[in-house]
Amino acid sequence: RLGVVWIAPTGEWTTDGFFVEPVDPETRVEFSGDLTLEPDDAVGVAFSYEWRLTRRLGAEVGFFGAQHDISGRLDGVVRLIRNEDNEVLDEMSFDETETVGDITFTPWTVGINVHLTPTKKVDVYAGPYLAYVLYGDLDIDGEKFPIDEEFTFGGVVGVDVPIGIGRWMFCGSLRYVHTQATVSDSDRMVIDFDPYVAQIGAAYRF
């Protein structure tokens, strides 16, 4: 099976945010609130190979992956402060989101497919799988943070539909992967990925 995937992460990472920027020698701007990093949806590719062990059971190995933009959101309060006596001259709410970096996400999977309609023209299957997830460095505004690899699990529901009378088929599936992007040597910066993965493509039966 070879196809295009739409990978939609469902998690994020949020921490307390605070920064100070000088305006001029007399005043400064302070922000306090939340900083949230969230991986965006992305389009990628997928490939898998399935061995039919019996009429109903198949063993499948494969991979899929994409490069995801990372959105950064600041949500809080901005204050204009006089340096001399720290008096707040102005205050306003602040909520802004922009793309701040990217990360690559590539799970390699092995699992068992249970074929629910093996004698029908439309072959529906479902099953669990194990995944070895490879992450590229988390690149935030040019600063790179290495991400730990991870062993995890997921599940798939798919369908194969013959094209004409030959061996080619249309294939489609929906997957879920339980996974987190953990910055190496850190137990505080963990981005929940937990994506749903929709795939469409073609398959060839030998």
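# Briefing: strands, cavities and pockets

Thr15 sits in strand S2, which spans residues 13-22. The model is predicted, and its chain has an average pLDDT of 94, with 99% of the residues scoring at least 70. Mean confidence in the chain is lowest in S2, at 88, and highest in S1, at 98.

- Thr15 counts as buried because its relative accessibility is 19%, and the cut-off for buried is under 20%.
- Leaving aside residues up to four places away in sequence, Thr15 touches Gly33, Asp34, Leu35 and Arg188.
- Phe170 belongs to strand S11.
- Phe170 has a relative accessibility of 39%, so this residue counts as partly exposed.
- With residues up to four places away in sequence again left out, Phe170 touches Val159, Asp160, Val161, Ile163, Ile200 and Gly201.
- Phe170 and Leu80 are 90 residues apart along the chain, and their C-alpha atoms are separated by 60 Å.

**Strand pairing around S14**

- Strand S1 (residues 2-8) pairs with strand S14 (residues 196-204) in the antiparallel sense, over 7 bridges.
- In S14, Val197 is the residue that stands opposite Ile7.
- S11 and S14 also run antiparallel, and 9 bridges join them.
- Ser173 stands opposite Gln199 in S14.
- In a regular strand, side chains alternate between the two faces of the sheet.

**Cavities**

- Rolling a probe the size of a water molecule over the atoms shows where empty space is left.
- The structure contains 2 cavities of 30 Å³ or more.
- The largest cavity holds about 60 Å³ of space.
- Its lining is made up of Arg1, Ala46, Phe47, Ser48, Glu60, Val61, Gly62, Phe63, Phe64, Thr109, Arg175 and Gln199.
- Strands S4 (42-52) and S5 (57-82) each supply at least two residues of the lining of the largest cavity, and S5 gives the most, with 5 residues.
- By class, the lining of the largest cavity has 5 nonpolar, 4 polar and 3 charged residues.
- The second largest cavity holds about 40 Å³ of space.
- Arg1, Ser48, Glu60, Tyr125, Cys171, Gly172, Ser173, Arg175 and Gln199 line the second largest cavity.
- Strand S11 (residues 168-178) gives the most to the lining of the second largest cavity, with 4 residues.
- The lining of the second largest cavity divides into 2 nonpolar, 4 polar and 3 charged residues.

**Pockets**

- The largest pocket holds about 430 Å³ of space.
- Of the 17 residues that line the largest pocket, Arg1, Glu50, Tyr204, Arg205 and Phe206 lie nearest its centre.
- S4, S11 and S14 are the elements that give two or more residues to the lining of the largest pocket, and the largest share, 5 residues, comes from S4.
- The lining of the largest pocket has 9 nonpolar, 2 polar and 6 charged residues.
- The second largest pocket holds about 360 Å³ of space.
- Of its 15 lining residues, Leu35, Leu37, Val100, Ile140 and Asp141 lie nearest the centre of the second largest pocket.
- The elements that give two or more residues to the lining of the second largest pocket are strand S3 (27-39), S5, strand S6 (88-115) and strand S9 (143-145).
- S6 gives the most to the lining of the second largest pocket, with 4 residues.
- By class, the lining of the second largest pocket has 9 nonpolar, 1 polar and 5 charged residues.

Technical notes
Residues are numbered from 1 along each chain as its sequence is written. This is a predicted model: local features need pLDDT of at least 70, side-chain atom pairs count only at pLDDT 80 or more; totals for chains, interfaces and linings use all residues. Side-chain values use heavy atoms; hydrogens and water are left out. On a 1 Å grid over the protein atoms alone, a cavity is a set of points where a 1.4 Å probe fits but cannot get out, and a pocket is an open set with protein on both sides within 12 Å along at least five of seven lines; lining residues have an atom within 4 Å of a point. Grid points are joined across faces, edges and corners, and a volume is the space filled by probe spheres set on the points. Ala, Val, Leu, Ile, Met, Phe, Trp, Tyr, Cys and Pro count as nonpolar, Asp, Glu, Lys and Arg as charged, and the others, Gly among them, as polar. Two strands pair if DSSP finds at least two bridges between them. Buried means under 20% relative accessible area, exposed over 50%, partly exposed in between (1.4 Å probe, protein chains only). Contact means heavy atoms within 4.5 Å. pLDDT is the predictor's confidence in each residue, from 0 to 100.
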